[in-house]
Amino acid sequence: MGRLLHLPTSEEKLIKQCRKGDSKAQRELFNCFSSQMLSVGLRYLRSQEDAEEVLSNTFIKVFNKIDQFKGDGPLGGWVRRIMVNESLNFLKYKRNLFLEVEEENHSAFSHQKLQEDINAEHLLLMIAELPLGYRTVFNLYAIEGYNHREIGDMLGISENTSKSQLSKARKNLQQKLAVNEIIYQEK
Amino acid sequence: MSDNNPIDSYFKNSLEGHEVKASPEVWERVAAETESKSKRGVAWVFMRAAVVVLMVSVGTWYTAEYPITEIGVVVNPTTTVVDGKPNNATKGKEPTNKAATPADPSKASKQESEEETKRKKVIPIMKQRQRSAPIYVSQEFVPEVDESQLYSDEFELSTATLDPKEVSVYDQAKPGKVEDMNKPVTESAFYPDGAEVEEEADQDIKTKLYAYANSQFDNIKNGRKVELPRTGKPQLQINLNRIFNN
């Protein structure tokens, strides 16, 4: 039996209110997603300041374009896509991706074993230490889940470049993890 | 895709749902930008329309109350218009034409004397525009005017050209006769401290100006069209009639 009743979910109600320009609803939407999105931003941009700037741009865009959200996916996914795009735009604006050969960002962290258990913050730091190109491709492929063709389109690089950047990123992270004797399963 | 690789999965799973608290400035920035958007509601459209209607109606009322008249024409709603001689076509509109000024004071003085019949000595007041302050002539420099003579047919104006050097302020200090009205007064006579205002302009141009003004005064007095000053240079003849009538 098909759905006879379609009760609006709380998310749908929220979206409807936001479309009307209800500032309370907007605030609620922001509170719901902002922390997650800031985490996403930090993966790409490394500094809290930059990530927050992109975060505010993202939500401004979200509220301006809320009318265009068709509801064919979860709201969080839509917001996240905007966040990723804004992060990439920010990087493009700040520098030319892949034209600069960036030295790996060294920190005392990666070459010493951690005294405590690894947590998410540490992983973020590991990613932040990657050179720009490795970092971006790794984020898009491993975490966001885009394929190489899509990454090539987004960043304006070839698929092969994307693949090579990814494998270099993995090697790099592997070394860092090995230092801390992280055991992972190899298939 | 990324699930195949253990490193990918490890990072992905560990960072799933990871949150970092944003500082309050972020929301402030967002709220500021989207504040303007909320005014897009239907109610606000009506508000803005109402404001526009209000402004238009106020503007209409205002211009009805205070109509904008031609610049340079003396419009004083409270003054009664006195009929002068039909030939005397000046309206008080030619402040730039110096030779015409003797007619102005006479007309103004006629109005004035209507209001104050007891006054014998007339002080002409030259009003150029509605807004500027009137320029007063000191009593000393004004020749006494016999009003009956003003509109008589025998009143003739001379067309003598004026040499600015000849006429000095002090010549006009004496109570003058009607003939003295013939001489177009210098600009300096209309200022209390006339001597100081004398320019050191090029005398050549000054004489030319006076000559021109003199020649045109006759035209004005008789209601004829003012001729444009002629220059020595060849001019382009444009047949305007042909253009307008085609």
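This is a predicted model: local features need pLDDT of at least 70, side-chain atom pairs count only at pLDDT 80 or more; totals for chains, interfaces and linings use all residues.
# Notebook: two chains and what holds between them

I began with helix α3(A), which has 18 residues and reaches 25 Å from its first C-alpha to its last, close to the 26 Å expected at 1.5 Å a residue. The expected span is 1.5 Å times one less than the number of residues. A helix here is a DSSP run of H or I with at least four residues, a strand is a run of E with at least two, and both are numbered from the N terminus.

Residues are numbered from 1 along each chain as its sequence is written, chains are lettered from A and ligands numbered from 1 in the order in which they are written, and side-chain values use heavy atoms, with hydrogens and water left out.

**Entry: the two chains**

I looked up the make-up of each chain. Chain A has 8 helices and 0 strands. Chain B has 8 helices and 2 strands, and I read its pattern along the sequence as α-α-α-α-β-β-α-α-α-α.

Next I checked burial, where buried means under 20% relative accessible area, exposed over 50%, and partly exposed in between (1.4 Å probe, protein chains only). Of the 187 residues of chain A, 47% count as buried; of the 246 residues of chain B, 26% do.

I also looked at contacts, meaning heavy atoms within 4.5 Å. In chain A, residues 24 or more positions apart account for 67% of the contacts with a separation of 6 or more.

**Entry: back to α3(A)**

Which residues of α3(A) are buried? I found A:Ala51, A:Glu52, A:Val54, A:Leu55, A:Ser56, A:Thr58, A:Phe59, A:Ile60, A:Val62 and A:Phe63. A reminder for reading such a list: an α-helix has 3.6 residues a turn, so residues three or four places apart point the same way.

**Entry: aromatic rings**

I searched for ring pairs: rings of Phe, Tyr and Trp (its six-membered ring) pair if their centres lie within 6.5 Å, and planes under 30 degrees apart count as stacked, over 60 as edge-to-face and the rest as tilted. The structure holds 7 aromatic pairs over all chains. One of them is A:Phe30 with A:Phe59, edge-to-face at 4.8 Å centre to centre and 65° between the planes. This pair links distant parts of the chain, with A:Phe30 in helix α2 (residues 23-45) and A:Phe59 in helix α3 (residues 48-65), 29 residues apart. A:Phe30 counts as buried because its relative accessibility is 4%, and A:Phe59 is buried at 0%.

A:Phe30 also pairs with B:Trp27: the ring centres are 5.0 Å apart and the planes are at 45°, so this pair is tilted. Since B:Trp27 lies in helix α2 (residues 24-38) of chain B, the pair joins two chains. I noted one aromatic cluster formed by A:Phe30, A:Phe59, A:Phe63 and B:Trp27.

A:Gln26 sits in helix α2 of chain A too. A:Gln26 counts as buried because its relative accessibility is 5%. Leaving out residues up to four places away in sequence, A:Gln26 touches A:Cys18, A:Gly21, A:Phe63, B:Trp27 and B:Thr34.

**Entry: the nonpolar core**

A nonpolar core is a set of buried Ala, Val, Leu, Ile, Met, Phe, Trp, Tyr and Cys residues joined through side-chain atoms within 4.5 Å. The largest one has 60 residues, and those with the most contacts inside it are A:Leu29, A:Phe59, A:Phe138 and B:Phe11. α2(A) gives the most to this core, with 10 residues.

**Entry: where the chains meet**

I found 28 residues of chain B in contact with 42 residues of chain A. The buried area between them is about 3200 Å², with carbon and sulfur atoms giving 66%; buried area is the accessible area (1.4 Å probe) that two parts lose on being put together, summed over both. B:Ile7, B:Phe11 and B:Trp27 supply 21% of the area that chain B buries against chain A, more than any other three residues.

How many salt bridges cross this interface? The rule finds 1, where a salt bridge is a side-chain nitrogen of Lys or Arg within 4 Å of a carboxyl oxygen of Asp or Glu. B:Asp8 bridges to A:Arg170, with the closest N and O atoms 2.5 Å apart.
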